[in-house]
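Colleague: Hi! Could you walk me through this one?
Modeller: Happy to, here it is.

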Amino acid sequence: MSESQTIHYPQDEVHSFLLPVTNACSYNACAFCSMYAGEKFSPVALSKIEAELKHGDIYTERVFLTGADPLQFGFEKMNLLLDLVHQHLPYCACVASYASIRSISKYSTEELSILHQKGLWDLYIGFETGSDEVLKLMNKGHRVADAISQAKKLNEADLSFNTIIIYGIAGQGRSEENAMATAEMIMQFRTRRIITMNLTVFPGTKLKQMVKSGEFIAASNRERMIEVKTLLEYLNPTTPTVFDTTHPTNILKIKGSLPQDKEKLLAEVKKRII
Ligand code: SF4
């Protein structure tokens with residue numbers, strides 16, 4: 001069993017076998033995040049991971065590694081972990097996980113390719129925004145150039161991933177500029193899905209203090225919808241890319257494939273801008 005007090009996983013992984021590999025977040029410094037507030041980071045030992053796998057249903061087809069950033073383990077441990085998954089769950093075709101730009105930068109393209117061949121794919125990566133200024137404000141710990149180069153490395157390794165972005169993150173008056181910068185970043189690489197989240201100011205976060213002190217002024221819901229519209233307008237992927245706003249934080253929940261559903265999705269967003 002995980003020693004972490006909280007286990008977070010994407011809503012689409014609700015039917016996956018949840019395998020704890022780290023407790024909490026080693027970074028724990030993003031200004032907007034309260035996911036693991038007050039929790040101490042620790043990796044789960046491979047012996048404990050194996051003990052957990054022994055209890056798994058042998059017919060499991062999909063595993064989700066829990067913890068904020070399991071890829072920080074590095075290549076050797078991830079390689080061993082994937083071997084253990086396949087030893088105990090031989091029908092498992094996909095091992096998915098959260099990942100950060102920081103942790104992916106520890107791997108070579110060849111190492112990512114080997115992990116992908118062993119079943120690792122469908123990473124969920126918090127890109128958040130395509131603006132360096134906003135990344136710095138939110139203390140995200142990576143720059144846009146890092147995000148683009150790591151995403152391109154994943155593309156080279158054929159390891160598919162979901163791009164998580166947050167609208168409203170630039171604050172009042174900066175939504176359109178943020179949407180354009182974010183679209184420009186995303187257009188530099190291939191991603192399976194763009195998952196949007198709506199910025200929420202959680203108690204106990206640095207962002208909450210920034211709001212109190214006036215350093216950050218939240219955008220209105222109308223402005224946030226204009227941000228989603230602008231983002232969609234500037235996104236023109238050449239390979240099919242799911243645009244997904246169904247995460248519970250979103251004001252409007254829509255999902256479709258770009259480029260084919262672009263006009264339909266835009267029409268839905270425009271209805272909400274009055
Ligand atoms: S957003 Fe992710 S990386 Fe940042 S503090 Fe939260 S869990 Fe850690």
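Modeller: One thing to know before we start: Ala, Val, Leu, Ile, Met, Phe, Trp, Tyr, Cys and Pro count as nonpolar, Asp, Glu, Lys and Arg as charged, and the others, Gly among them, as polar. Also, this is a predicted model.
Colleague: Thanks! Which residues surround the ligand?
Modeller: They are C25, Y27, N28, A29, C30, C33, M35, Y36, A68, S100 and G126.
Colleague: And how many of the shell are nonpolar, polar or charged?
Modeller: The shell around the ligand has eight nonpolar residues and three polar ones, with no charged residues.
Colleague: Switching to the sheet: what is the strand order?
Modeller: The sheet is open, with eight strands in the order 1-4-5-6-7-8-9-10 and mixed pairing.
Colleague: Which strand does strand 1 pair with?
Modeller: Strand 1 pairs with strand 4 (residues 62-66), in the parallel sense, through four bridges. Within strand 4, F64 is the bridge partner of L18.
Colleague: What about the faces of strand 1?
Modeller: F17 and L19 make up the covered face, while L18 and P20 are on the uncovered one. In a regular strand, side chains alternate between the two faces of the sheet.
Colleague: What does L19 touch?
Modeller: Leaving out residues up to four places away in sequence, L19 touches I49, E52, L53, V63, F64, L65 and T66. L19 also belongs to the largest nonpolar core, which has 76 residues; L19, V63, V85, V95 and L159 touch the most other members.

Note on methods. Residues numbered from 1 in each chain as written. Predicted model: local features only at pLDDT ≥ 70, side-chain atom pairs only at ≥ 80, totals over all residues. Pairing = 2+ DSSP bridges. Helix = DSSP H or I, 4+ residues; strand = E, 2+ residues; numbered from the N terminus. Near = placed C-beta within 6 Å. Core = buried A, V, L, I, M, F, W, Y, C linked by C-beta atoms within 7 Å. Buried ≥ 20, exposed ≤ 12 C-beta atoms within 10 Å, placed from the backbone. Contact = placed C-beta atoms within 7 Å.
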